[in-house]
Amino acid sequence: MIRILMMIAVMLPAAAVGAECTITNARYEHDQAAWWLSFKPVPRFSAPNQTTAFIIELPNSGVTLEGAVHRPNGFGSPLWSIEGPCSEDSTETCTFITEGSSPAAYGNYGGKVDWFDDARGAKAPDQVILPQLAMSLWYSMYRGAEFEADMDAGDVFTLTGCD
């Protein structure tokens, strides 16, 4: 009986944290790389169809990339993009997704993958999936600093908690 009560006591705070976690305060870690993803408010002077803004921190390079999620014409799948310095010491800005290719953003919600829910105050997914992210960074100037020899980096970030 004591074991059951101890297990319930340990599980309750975790359930409460998950219930309070929204895309506005969620923090994610990449499954293989040392990258971090977190959401931020949409910039004031952004495209009208931008629904969400996020950053990806690349600690090995000391760079933060700026990301956005858009809904074309206000409908359809949530499309993501990302940009930042072209290299670690560059002042020039590059887009890291192939031009003309806007991949959809996905979320893993309780074991089911679906479009990323970018509504204001939406529940944070267990995982954020950004197809083509790792490939885009692999073919960038960040390849040497961000990819280890045995790493098989993918496009998945897993929820670690909320700020």
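User: How many residues are in the hairpin that joins S1 to S2?

Analyst: This is a predicted model. S1 covers residues 26-30, and S2 covers residues 36-40. The two strands run antiparallel, joined by three bridges. The hairpin from S1 to S2 passes through five residues.

User: Which residue stands opposite Glu29 in S2?

Analyst: S1 and S2 are antiparallel partners. Across from Glu29, on the S2 side, stands Trp36.

User: S2 also pairs with S3. Which residue in S3 stands opposite Leu37?

Analyst: S3 spans residues 50-58. The pairing of S2 with S3 is antiparallel and has five bridges. In S3, the residue facing Leu37 is Ile56.

User: Is Ile23 buried or exposed?

Analyst: Ile23 sits in the loop between helix H1 (2-20) and strand S1. Its contacts beyond four places in sequence include Phe39, Thr52 and Phe116. The cut-off for buried is under 20% relative accessible area. Ile23 has 4% relative accessibility, so Ile23 is buried.

User: What separates the C-alpha atoms of Ile23 and Cys162?

Analyst: Along the chain, Ile23 and Cys162 are 139 residues apart.

User: What share of the chain's residues count as buried?

Analyst: The chain has three helices and ten strands. Among contacts with a separation of 6 or more, 50% come from residues 24 or more positions apart. Of the 163 residues, the share that counts as buried is 39%.

Notes
Residues are numbered from 1 along each chain as its sequence is written. This is a predicted model: local features need pLDDT of at least 70, side-chain atom pairs count only at pLDDT 80 or more; totals for chains, interfaces and linings use all residues. Side-chain values use heavy atoms; hydrogens and water are left out. Helices (H or I, at least four residues) and strands (E, at least two) are DSSP runs, numbered from the N terminus. Buried means under 20% relative accessible area, exposed over 50%, partly exposed in between (1.4 Å probe, protein chains only). Contact means heavy atoms within 4.5 Å. Two strands pair if DSSP finds at least two bridges between them.
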